[in-house]
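Q: Hey, can you walk me through this one? I'd like to start with the strands and then look at the core.

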Amino acid sequence: MQRSFRPHDSSMLPDSNMQPGSLLRRLREDPQDALGRIAGDIGARPATSLGEAQVAAYIDGRMRRAGLRVSADAFRAPSGVAWDGLLIALLGLVAVVLYYWLPLPSLFLAIWNVGLAGVGLLRPTAPLLQRKRPSQNVIATRALNGAPRWRVVLLAPLDAPMAVAAPVRMLTAGTRPLRGRVAACGLIVVLAIGGLFGPLELRRLCWYAQFVPAIYVLLLSVLEALPVYARPTVGAANHAGALAVLLQSADALTALQQTELWAVALGDSEGGAGLADLLQRYPFDRQKTLFVGLESIGGGRLSYVTRMGRLPQRPADPLLLRLVAEADAADPLINAEPRPYTSEPPLLHMLGQKRGRMLTVIGLDSDGHPAARGSLLDLPDQIDPLVLDRAIRLVVGLVKKIDATPDAP
């Protein structure tokens with residue numbers, strides 16, 4: 001694998017006064033070596049797996065050697081098949097089948113089913129009928145002597161996705177299946193009520209129509225189970241490359257004057273339990289805390305997301321967008337592209353719902369999907385080392401721009 005590494009900060013340039021051991025450590029711990037260790041030596045690392053725990057231990061050691069204060073926050077994340085969806089699908093089918101002969105009991109069952117689906121939507125990272133296994137977040141901080149004006153939280157995933165086709169991921173990622181399930185169950189209730197106040201022909205028509213949302217809910221439960229039985233990927237770009245960028249950026253950002261730096265490696269990023277645990281444990285100040293998500297870095301076109309989602313679209317923080325554009329323009333070697341993102345939910349989608357100040361740095365293919373996401377070909381030899389280099393330059397430049405920015409508005 002071809003190596004290409006250029007220093008990102010003058011403090012990282014080897015000089016005549018540097019001890020041989022220190023120089024050897026710098027050369028050994030470049031982004032390519034971190035990527036090789038994570039995606040090559042450790043390899044597949046589904047959420048809550050031994051591989052994810054091994055990567056967490058590696059990140060912990062690297063961050064400590066970089067001089068950051070490190071802690072590991074353990075939590076329990078959902079694992080295996082979530083039976084909530086299948087239960088709701090079966091109850092919905094029972095309600096639909098009974099409707100023609102027992103319309104009122106069927107309606108009450110359908111309404112109760114909407115309540116079950118609504119509970120799932122309110123608790124997206126904590127299904128009721130799904131086993132949980134240990135996972136962890138690795139939290140590394142570089143604090144200031146005084147009170148910081150800004151807090152920058154860099155985030156990257158510890159886990160790697162399973163080998164699942166892009167259409168399946170788009171339908172089942174984030175809260176999309178939960179919202180779809182609530183909408184479909186609600187439609188069954190509307191059709192059931194509509195058939196009660198009309199002739200027999202109308203009831204029969206509403207009965208037939210109820211099978212469409214009921215079958216959709218059943219199909220969702222089947223699609224949600226597919227990743228559990230899929231093969232795990234090595235995940236070089238997704239997300240070993242992002243972790244390598246996180247490590248090197250945190251190592252380079254040693255001279256911040258008014259910014260507290262957090263470098264966080266999230267467990268169970270696919271399910272969102274890691275980010276949910278982080279936000280629950282640490283009550284970040286909404287105005288002074290800026291989140292930068294790193295994912296799918298190492299392939300595709302290095303990009304930063306201007307807005308994400310379809311309906312509704314959530315824009316990135318205006319300050320972060322302005323500063324990242326300035327950092328990009330200040331270094332001709334970066335050449336990142338501002339792009340909207342409408343594919344599967346990004347790492348920080350939960351922050352968008354909470355109106356947090358955020359920006360996503362990601363590698364995107366020409367069709368707008370994350371590069372090599374869910375592919376068995378997402379291997380270390382497919383990584384473009386120049387993309388890692390440019391991403392590190394972009395992140396370091398952005399944080400330094402933040403550090404030079406006056407007080408938060």
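**Strands and core**

A: Arg 307 stands opposite Pro 315 in strand β7. This is a predicted model, where local features need pLDDT of at least 70, side-chain atom pairs count only at pLDDT 80 or more, and totals for chains, interfaces and linings use all residues. Residues are numbered from 1 along each chain as its sequence is written, and side-chain values use heavy atoms, leaving out hydrogens and water.

Q: What do β6 and β7 form?
A: A hairpin, with 5 residues between the two strands. Gly 309 in the turn has a positive phi of about 90°. Strands here are DSSP runs of E, at least two residues, and helices are runs of H or I, at least four, numbered from the N terminus.

Q: In which sense do β6 and β8 pair?
A: Parallel, over 4 bridges; to pair, two strands need at least two bridges found by DSSP. Met 308 stands opposite Tyr 341 in β8.

Q: And how does β6 run with β9?
A: Antiparallel, with 4 bridges joining them. Leu 302 stands opposite Gly 363 in β9.

Q: OK, new topic: which residues touch the most other members in the largest nonpolar core?
A: Ile 59, Met 63, Leu 246 and Leu 294, out of 62 residues. A nonpolar core is a set of buried Ala, Val, Leu, Ile, Met, Phe, Trp, Tyr and Cys residues joined through side-chain atoms within 4.5 Å. Buried means under 20% relative accessible area, with a 1.4 Å probe and protein chains only.

Q: Which helix gives the most to this core?
A: Helix α9, residues 236–252, with 11 residues.

Conventions: Buried < 20%, exposed > 50% of the residue type's maximum accessible area, 1.4 Å probe, protein only.
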